[in-house]
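Subject: Handover of a two-chain model

Dear colleague,

Please find below the sequence and structure that I am passing on to you. My notes on what was found follow directly after.

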Amino acid sequence: MKKAFLAFLILTLTIGIVFAGGAKEAKYPTKPITIICPWAAGGGTDRTARFIAEQLSKKLGVPVNVVNKTGGSGAVGHGEGAAAAPDGYTITNLTFEINVLKYLGYADLTPENFIPLIQFNEDAAAVIVSAKSPYKNVKELLDDIKAKPEGTFKFSGSTIASAWDLPRIQMLMAYGIDPQKVKYIPTQGAAPAITELLGGHVDVLTCSYPEAAGQIAAGALKALAIMADERNPNFPDVPTLKEQGINVVGGTWRGFAVPLKTPELAVNTLRKAMKEITETQEFKDFMNKAGFGIKVRVGQEFGDFMINQYKALKPVMETAGYLKK
Amino acid sequence: MWGCDMDTILSVFRVEILIPWLLAMILGIFVGAMPGLTATMAVALIVPLTFHTPPIVGLAMILGVSFTAIFAGDIPATFLRVPGTPASGAAVLDGYEMNKQGKGPLAIALDLTCSTLGGTIGVLILITISPILASFALQFTHFEYFWLALLGLSMSAVITKGSTMKGLISMTGGLILSTIGLDISTGYPRFSFGSTYLMSGINFIPVMIGLFGISEVLRSISITSHDQLGDAAIISNVKADFRSVGTIMGRNKRLILQSSLIGTLIGALPGAGADIAAWVAYGMAKKTSKTPEQFGTGSEEGVIAPTTANNAALGGTWIPALVFGIPGDSITAIVLGAMMMYGLKPGPLVFQGSRDLVNQIFTVAVISQFFLLILGYLGIRAFTWFFKFPRNVVLAGITIFSIIGAYALRSSVFDVGLVLVFGILGYLMERVTIPLPPFILGLILGPMIEENLRIGLVKTSGNFWPFFNRPISAFFAMLLLLIFLYEPIKILIQRKRN
């Protein structure tokens, strides 16, 4: 009798555990979700992450918190995101930097350390000069760089090997100019670089158009080109680099990913919810107002995009001398 | 430039503006008084809440929270020797000394009034001559910032009491530590030993909390005798003493003006903020004082200078932000992002296109100073409550808040470790009378000096000449020379006379 009772107890408990486990599998999410943002509170990536966190929380019915894990040019946040428990409750806000961390020797991380969920933003680099400068298009500027002695021109935009520095190198290379022929003045982001250009301390700036939009509207600066596939409907007067005969596209992007081995249910739920968010008018209004470009790539398409860019950046990093040996 | 009329002033006195504004100012007191929680963090958290409100509500909240937070940072700096915000680092020096002499209430009352006055002067400068100052700030580039940072660093010599050699040891320690992390001009990780945490460098906020705060807790608990407990730093009755403040301030009119100007000017520079302003104002106050020997021993002037300058700097940071759309510090950087969300295009056109809003911002900034006086007083009273607990509870509380604050900075346990390590280091340094402030100055200014020198040299292909022949560079170089040669020349002249 005792044995039978014990057997019954074990059986119920086992079933109970299996069932509970099964229930956990079948239901997602059941507890708060964390989004790791590798950049500081109040910055562009943080603002978009917080907006989407709010929307995602409404959609999934659980709290979604943004945690800023900053440092090491994004290495800290991306690293903690990749190493987080693969249960679908830690999402990482990936940015362009994931494609250069390994080349720079900052962290052994590539896009392949993540399961891609969705990309929601892309901002092309723009070539910006002082409104007083004589150049009417990019070719005039680049021809002048070719003609003048080495070190005459100073570029700026952001940190070394950033999303604003690398397209600059690609542009120069595509036009047959050795990137070392110009100087690059590294800054902690686009804002101080704009200050440098306004003060006349540098000659050319590569950063996103909206970051300099206030100065362009006021007639202090002008944009010669954007490095996108086609013109942007928000500023249709600015031609693409491609139109001007230089086949270079580049800039920054933002997206979300989860660690490898995350259960399929969580991945699919998040992909679907985030895709729906990007289709809402509210999302579009937010992005337009804040000056962020919208580009949506879901799942594998996002993954392929990252891997292709990661591979394409290697020769650029090498020419620029940024590749860690 | 202030097209001021009654309508603009009255337009901010509406319930839907006043309530969030005052709530933000109360939040600012809390955030400022908590070590590790910074005004920048508070602003970053407030901004998403304001996307659905009219712009002025959000801007009033941001202005309010930043002014109260910068003042409230001085409260724990004065009573506990824990700077509540980075801008309060210099307020520790004499405020805490006064507190040790039982004059803490006077120090904090003086601090609050000076903060308000400094803030008001900063805002008035913003309202009146911001376009001129902003154009001036644009002249600053790596060459000028290099000298400014060096000037700041030389303050460590000025503020050191006792052995100059020990001051140098302390400053060098800070400088060496500041070389850890990614090198901005090459992107190379230095002294990181493969750790991603060390790659981002040693953040000075946890170091400051550890060196000043935790070390003081350690010192307090190492006092064994009951008689000594009475002299211990933490006093039981904290109240703001406003009676003698008026007389003291009357005596120091020139110093208040000088510190406000230094604060506003440094605040207006996009490459330097309230923390550096406070240190430079303190050093300059000592240099221009008739009684420099009293600095560091609980001097009133030593309280007035940094606390006036850090609040004045806030007005300064809005100058490049409003005139050029360039952030003057990390708070205005967030403000500019928020302005886009409000549908305003930050930049020169805001001044012309949104005249009314700019006037409202000015009005809010001025009125915030009056609110600061009242809320700051209440904040001090609230702090009193904390001291009614037994000493062991207070000490444990400081430790816990220091750790939480360090963690909150960027959700990193590594920073908590830093607080503890530097707490012990600070305790040991004081045991052998090595001063702590030069260490912090070295850590803050080391990267600024190095980056600006190196990037400046990249610009000029290795030519040092622009560091001397640009007008502002030359001025700073001369000023620096003067600071160091003033004493020897004075002695030389006196000798000749005799």
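Just after α17(B), B:Gly343 adopts a positive phi of about 85°. Helices here are DSSP runs of H or I with at least four residues, strands are runs of E with at least two, and both are numbered from the N terminus. The model is a predicted one, in which local features need pLDDT of at least 70, side-chain atom pairs count only at pLDDT 80 or more, and totals for chains, interfaces and linings use all residues. Residues are numbered from 1 along each chain as its sequence is written, while chains are lettered from A and ligands numbered from 1 in the order in which they are written.

Helix α17 of chain B covers residues 330-341 and has twelve residues. From its first C-alpha to its last it reaches 17 Å, close to the expected 16 Å, where the expected span is 1.5 Å times one less than the number of residues. Twelve of the twelve residues of α17(B) are buried; a residue is called buried if 20 or more other C-beta atoms lie within 10 Å of its own, exposed if 12 or fewer, and partly exposed in between, with C-beta atoms placed from the backbone. The buried residues include B:Ile334, B:Gly337 and B:Met341. Their cover comes from both chains: it includes α2, α7 and α10 of chain A, as well as α3 (39-46), α4 (55-72) and α16 of chain B.

B:Trp318 belongs to helix α16 (residues 300-324) of chain B. This residue counts as buried because it has 28 C-beta neighbours inside 10 Å. Apart from neighbours within four places in sequence, B:Trp318 is in contact with B:Leu126, B:Gly328 and B:Thr332, contact meaning that the C-beta atoms of two residues, placed from the backbone, lie within 7 Å. B:Ala338 is 20 residues away from B:Trp318 along the chain, and their C-alpha atoms are separated by 14 Å.

B:Ile132 is part of helix α7 (residues 104-138) of chain B. It is exposed, because 12 other C-beta atoms lie within 10 Å.

The two helices, α7(B) and α16(B), pack at an angle of about 30° with their axes 6 Å apart. The axes are lines fitted to C-alpha atoms, for helices over the stretch in contact, and angles run from 0 to 180 degrees between N-to-C directions. By class, the contact of α7(B) with α16(B) has 24 nonpolar, ten polar and two charged residues. Ala, Val, Leu, Ile, Met, Phe, Trp, Tyr, Cys and Pro count as nonpolar, Asp, Glu, Lys and Arg as charged, and the others, Gly among them, as polar.

Chain A has eleven helices and ten strands. Its C-alpha atoms fill a box of roughly 100 × 45 × 30 Å along the principal axes. Of the 325 residues in chain A, 49% are buried.

The contact between the chains takes 44 residues from chain A and 42 residues from chain B. On the side of chain A that touches chain B, α7(A) gives the most, with six residues. That side has 21 nonpolar, 16 polar and seven charged residues.

The domain assignment, which is automatic or from a database, divides chain A into domain 1 (33-122 + 252-320) and domain 2 (124-244). The C-alpha centres of these two domains of chain A lie 27 Å apart. Their contact takes twelve residues from domain 1 and eleven residues from domain 2. Helix α11 (residues 300-320) of chain A gives the most to the domain 1 side, with five residues. By class, the domain 1 side has seven nonpolar, five polar and no charged residues.

**Backbone features**

Most residues other than glycine have a negative phi, and most peptide bonds are trans. A:Ser73, in the loop between β2 and α3 of chain A, has a positive phi of about 55°. A:Ser73 is buried, because 25 other C-beta atoms lie within 10 Å. B:Phe191 has a positive phi of about 45° and is found in the loop between β2 (189-190) and α10 (196-199) of chain B. A cis peptide bond, with omega about -5°, joins A:Tyr28 and A:Pro29.

With kind regards
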